[in-house]
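Please look through the model below with the following numbered points beside you, which concern its cavities, a pocket and a pair of helices.

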Amino acid sequence: MISSRTNSIDGNVDEVQHESTDCREVLERRLRLKVDLRLCTIAGLLCSINLLDSNVISSAAVTSMPSDLGLMGNRYSVSIFIFTISSIVFQLPSTLAVRVIGPRLWFSATTFCFGLITMCTAFIQNWESMIALRVLLGIAMSGIYPGLTYLISAWYPRREQQTRFAFLQTGEVIILATGGIVNFGLNQLDGKGGIAGWRYMFLVQGIISMLIGVATFFWMVDFPELAHKSFWFLTPEEQQLAVSRIKKDRGDVEAEPFKWGIVLVHLKDPKLYVFSCMFFLLNIVSTSLSYFLPIILKGGMGFSDNESILLAAPPYYYAVIPVILTSVIADRLWLRGPVIVFNCICLIVGFCMLGFVSQVAVRYIGTFLATGAYVSNWAALSSYVANNITGQWKRAVTAAVVTIMNGAGGIAGSYIVKANEAPHYWTAVWVSIGSHILLILLVLAMSVHFTLANKLANSGKLILEDVEGFRYTL
């Protein structure tokens, strides 16, 4: 009888624990949905501004803008180069400002400034003014992408992150592609009111960015432990749950008081520089495609100005499919490296089609594969980095440094598409293929390192990232 009663008590305890687990899962799903709808939506919108510049200036490059401003020779590439340089210089302080000043105020201010400078570009009369505004534009947007990746990684446990980075990329590429179609429409206004079509592109999209900047102040959320400062967001219980999820995953919810010594010590971690090289190799390709795709379509495939602007949009719409699909699979399996390698292979195939085939239709399909692959790897690499570091300031420093090297890749990418190599653009093709072979090798090397480090941690011989129980994600 005592045994029967004991079994009954044990059964009741198991049932209560099961109900408690089910209840927590329901609460976590509700919390994820709330955070997704608030953070991922505005992050995708702001990250689209990160690509808005490449969209507008690449579309304008196949209109009368080069002749109107005297952007002859390599001056167009210089305008991209100088933008990237100014962005690189301000990357670290701008990313740290997200934590010190707060996401709502910082992102709203920088986005508004970005829109204002973009709008002013519509009124310039020479290439020197273009260069000056490009410097200011690079400063304004320097902290947007690294700051948002830092904020997203602070909100989600590691195995949920790649899908969220995919949401970010999805919003980015959809708006980027739609912007290309909008640019086509705006270019039809060429000459209306005595204003060139490319000026309408900068004017309209600058005003839109300024309005988004104002909305960001109310829409953006703060860090989990400061979520109560956000407008109309989480209940106190939901905020507590959000904090507990991060503590359970990696224990780095709150940041230490800001000191340069505490921040800069993270520059000693060798992983940071390997991750940076990965982003450098990726952005060589993304810059060459995002800034030069309309030029490739026009000079390499023989399409007209307006056809080139329109046909640059579909590859980005297509990219939504692989970025979401690969990211959901990666989060379900909690794997990062193999997904990155798969995307690299897809990109290499796409550039082989673009460079080594003569049929225009096949070459155009190659741009779909390449675009889908590099967009997918933005999400995969971002989660690969975020999954394998801990600490608030380390996240901020890493986000800034990898984005600096990402910008350096953009500098290289702005020079590999050479007009005199049309229609096949051999330099761009070979550099893109070679960069992704190197990227595969780096991922394989890091996978070996992470596997060995995890084995040492499992045997009790090593504590990873100064966090008991932490393991690297392969």
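1. The structure holds five cavities of 30 Å³ or more, where a cavity is, on a 1 Å grid over the protein atoms alone, a set of points where a 1.4 Å probe fits but cannot get out, and a volume is the space filled by probe spheres set on the points, joined across faces, edges and corners. This is a predicted model, in which local features need pLDDT of at least 70, side-chain atom pairs count only at pLDDT 80 or more, and totals for chains, interfaces and linings use all residues. Residues are numbered from 1 along each chain as its sequence is written, and side-chain values use heavy atoms, with hydrogens and water left out.

2. The second largest cavity, with a volume of about 130 Å³, is lined by 16 residues (those with an atom within 4 Å of a point), and Thr-149, Ser-382, Val-385, Ala-386 and Ala-399 lie nearest its centre. Two or more lining residues come from each of α7 (144-155), α16 (360-387) and α17, these being helices in the sense of DSSP runs (H or I, at least four residues) numbered from the N terminus.

3. The axes of α4 (residues 91-100) and α17 (residues 392-413), lines fitted to C-alpha atoms over the stretch in contact, come within 8 Å and cross at roughly 150 degrees. The two helices are therefore roughly antiparallel, a term for angles over 145 degrees.

4. The second largest pocket has a volume of about 350 Å³, a pocket being an open set with protein on both sides within 12 Å along at least five of seven lines. Among its 19 lining residues, His-266, Thr-390, Gly-391, Lys-394 and Asp-466 are the closest to its centre, while α17 gives the largest share of the lining, three residues.

Terms used. Axes are lines fitted to C-alpha atoms, for helices over the stretch in contact, and angles run from 0 to 180 degrees between N-to-C directions. Angles under 35 degrees count as roughly parallel, over 145 as roughly antiparallel, 65 to 115 as roughly perpendicular and the rest as oblique.
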